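Trainee: I would like to learn how to read strand pairing and disulfides in a model. Please take me through them in turn.

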Amino acid sequence: MAHLKSASLALCFGLAACGGSSPDETTETSATPANAGVVNVYSARHYDSDHALYEQFEAETGIRVNLLEGESEQLIQRLVNEAEFSPADILITVDAGRLFRAVEADVFQPLDDELLQSRVPDYVRDPNNLWYGFTKRARVIVYNKSEGAPEGLATYEDLADPAYQGEVCMRSSSNIYNISLLASIVERDGEEAAQEWAEGVVENFARPPQGNDTSILQSIAAGECGIGLANTYYIARFAASDNPELRAVYDNIGIIFPNQDGSGTHVNVSGGGLTQYAPNRENAIELLHFLTREDVQTAFSAGNNEYPVNLEAELAPQVSGLGDFREDDLQVTALGTNQATAVRVFDRAGWR
């Protein structure tokens with residue numbers, strides 16, 4: 001595995017800090033009712049709120065959670081390299097496109113589980129039960145509130161309208177959020193329509209693609225761009241911030257949930273599943289059950305200002321404050337299967 005940059009991985013099994021036990025160790029702690037073994041999690045989510053939930057799971061079950069955090073591609077490649085010698089029981093990653101890459105790499109095993117299926121709607125889980133969604137985020141249109149909502153702007157397709165020439169700021173075409181959005185357009189409307197849309201948006205660029213969702217929100221609030229796209233959890237993060245500068249950004253942006261009269265607003269997921277060679281399979285299933293439980297879903301989604309997949313769970317105030325919307329119920333695996341086509345479309349359109 002020399003080609004993996006181990007320094008960029010959080011090689012921390014255990015929750016509080018590096019230097020904990022190895023993934024094969026079974027250590028009883030006073031925080032747990034009894035030692036019931038371990039579950040080893042490879043996760044691309046990097047949130048303290050997730051850690052708190054793992055600690056809650058340990059306290060409730062006596063099962064120790066050993067955690068290794070890293071970037072999605074690195075973790076998937078690590079699982080491929082480790083093969084049947086991998087200690088991992090669960091892989092958690094973000095974006096349906098990355099979950100698709102994990103499926104393609106054959107790192108998951110199917111889990112036909114009635115409890116999970118009752119909690120996770122079918123469009124946000126793998127059709128072959130290889131992974132289950134945990135949280136959702138919507139990709140919305142953002143505009144400068146002081147300039148007012150752009151007239152006639154209601155859909156993703158409208159971003160290609162020549163009326164908005166010179167106003168659109170976007171991330172690069174290599175960004176997985178943009179790839180997944182375009183993959184959904186390919187699925188809904190076909191490759192030719194997706195090509196026309198991408199070319200139209202490129203014509204409307206205010207500047208070359210750059211930055212991330214945070215910097216795009218800041219640019220729009222500052223009047224450097226008229227409109228752009230961002231995931232809702234970035235916006236809710238600004239809304240809940242005690243930082244006056246971030247709060248000022250939120251106060252100067254407006255959002256549009258696109259395609260409310262059509263397919264609905266594009267949503268993406270974080271999710272996870274059993275690894276191919278999970279050595280602690282039953283403990284892993286218990287953790288998956290825990291993470292999709294109603295009360296845990298409320299906390300799990302709120303920790304990163306996302307939407308829970310369990311429809312019985314409550315929304316965080318800063319998330320519900322963004323407004324109600326109808327989401328696109330497209331089977332999210334299409335975001336992965338159309339990924340390669342989306343990349344080709346972006347390249348042909350000159351979206352860099």
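Mentor: Begin with pairing: two strands count as paired if DSSP finds at least two bridges between them. Keep in mind that this model is predicted.

Trainee: In which sense do S4 and S8 pair, and over how many bridges?

Mentor: Strand S4, residues 132-144, pairs with S8 in the antiparallel sense, over six bridges. That passes the cut-off of at least two.

Trainee: Over how many bridges does S3 pair with S8?

Mentor: Five bridges join S3, residues 90-94, to S8, and the sense is again antiparallel. Here Ile90 stands opposite Leu274 in S8.

Trainee: Is strand S8 mostly covered or mostly open?

Mentor: Mostly covered: S8 spans residues 267-274, and eight of its eight residues are buried.

Trainee: Now disulfides. What is the general idea?

Mentor: A disulfide is a covalent bond between the sulfur atoms of two cysteines. In a model, the sulfur atoms of the pair must lie within 2.5 Å. The count in this structure is one disulfide. Cys169 and Cys225 form that link, with their sulfur atoms 1.8 Å apart.

Trainee: Which parts of the chain does the pair link?

Mentor: Distant parts, 56 residues apart. Cys169 belongs to strand S5 (residues 168-169), while Cys225 sits in the loop between helix H7 (213-221) and strand S6 (227-231).

Trainee: What is the handedness of the link, and are its cysteines buried or exposed?

Mentor: The link of Cys169 and Cys225 is left-handed, with -70° about the S-S bond. Both Cys169 and Cys225 are buried.

Technical notes. Residues numbered from 1 in each chain as written. Predicted model: local features only at pLDDT ≥ 70, side-chain atom pairs only at ≥ 80, totals over all residues. Heavy atoms only, no water. Buried < 20%, exposed > 50% of the residue type's maximum accessible area, 1.4 Å probe, protein only. Helix = DSSP H or I, 4+ residues; strand = E, 2+ residues; numbered from the N terminus.
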